[in-house]
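Grab a pencil and let's work through some charged pairs together. Each exercise comes with its solution.

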Amino acid sequence: MNIVRENLENRTALFKVTVGEADYNEAVDKALRTYKRKANIPGFRPGMVPMSVINRMYRKGVVAEEAYRAASKACFDYIEQEKIATVGDMIPSEKQQPLDFDNDTEYEFVFEAGIAPEVKIDLSKKDKITRYTIEIEDKMREGYRSNFLRRFGKLVDAEAVEKEEALDVTLEQGETKIEEAYVGLIGMSDEERAPFIGKKTGDTMDVDVTKLYKTPSQRASVLGVKEAELEGMDPNYKLTITRIRKFAEPEINEEFFKMAFPEGDVTTAEAFEKHIEEKIAADLARETEYLFTIDVRKFLLKKADLAMPEDFLKNWLYTINEGKFSMADIEKDFAQFLDMMRWNLIQKHYIDELKLEATPEDAMNEAKAMAAMQFAYYGMNQVNDEMLGNYAKSILDNKEENRKIYEKIFERKVIDAVTPQITVSSKKVSPEDFGKLVEKAQ
């Protein structure tokens, strides 16, 4: 077997691999024996087909397959042994010449690969980047506090509808009367709840239940019918309000602290306000870290200025997707794809140079943080370690989630390793200005 490398323009290389009978014959004979055992050919008992018949029917195709397999494996091994850094995967080249499997026994296969650029980034304190932090505003405190208290509040009777009340109503249409139906204004837009504002118990109004209950399953449940029976039904009903209730925040007292903080870590109003402040700061820190990561990534991409084998990568994307995407489709998002590939190379450079590692403990901690956020989203702020650990393990057992977690850990380690080498200044901005910065950065 012989392999010849030929460097082309635009950081692309050809690999010409010549294979002969000695390279593929053993695999061909093994494959043909398998065909002989399994062949079901009229006139012959299973397993008793003469090898001459098997050769005549299958040998040409098997030689083509096994010769190609031997050549591609040899090329992969050559790239690995020679430590040739590539981007994308090796693919068959368009420069491949026709092969004669009827008469020849030696074949030259031609493969193509994109050569990765060398990553060289010189950093110093002259390099500057800004880490933005979000100012905590009073309305932010009020919103977070209100959302927290809502989880422990209760509904109390109200005299009139003001904004987000819960209503018990009766729906009537002819002889049909549906009592104790529920209407929740909290899930409505201002326009949708406008007809209810100012109404009191006993007031009536005409409603369209298709607008009041958006999904067929909701309407069927309220009207006491099957979803299939909704078609053709008159959606217009008379609605009578029978009860109005509104949310009331709990009193900040000992009972509340025991219910909201069973671990006993918050027991006073002052400690509660501090808890709110810390939670807001933690949430904002995740957002500011997200923008800082984007900014450092862009800074390093610009600093590295990596030239990529663009034509090869476009052809590679088209080839591996087997025509699912047109070249026009690939061109549309190609700039973002290139930056992703460049960022992967930069990360690999620092991971190898600084010997950065992501341990199973790192992954478990990251998965636990992710699990805690998911529980908090559903109002479960106090989750015991066993439940959190089990949920984190289920996340890590998911192959795709596992990959994302390790990628996130390595990215953070690269960012943490790079930032001490440059000058990072801090700047406080309003939530509105921060939002504009994120929008501009993406």
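**Exercise 1.** Work out which parts of the chain the salt bridge between Asp168 and Arg245 ties together, and whether Asp168 is buried or exposed.

*Solution.* Start with the contact: the side chains of Asp168 and Arg245 meet in a salt bridge, 3.8 Å from N to O. Helices (H or I, at least four residues) and strands (E, at least two) are DSSP runs, numbered from the N terminus. Last, check accessibility: Asp168 counts as buried at 16%, and Arg245 is buried at 19%. Buried means under 20% relative accessible area, exposed over 50%, and partly exposed in between (1.4 Å probe, protein chains only).

A word on the ground rules: this is a predicted model, where local features need pLDDT of at least 70, side-chain atom pairs count only at pLDDT 80 or more, and totals for chains, interfaces and linings use all residues. Residues are numbered from 1 along each chain as its sequence is written, and side-chain values use heavy atoms, leaving out hydrogens and water.

**Exercise 2.** Find where Asp29 and Arg59 lie.

*Solution.* First, Asp29 forms a salt bridge with Arg59, their closest N and O atoms 3.9 Å apart. Then look at the elements: Asp29 is in helix 1 (residues 21–38) and Arg59 in helix 2 (residues 51–81), 30 residues apart. Finally, Asp29 is partly exposed at 34%, and Arg59 is partly exposed at 26%.

How values were computed: A salt bridge is a side-chain nitrogen of Lys or Arg within 4 Å of a carboxyl oxygen of Asp or Glu.
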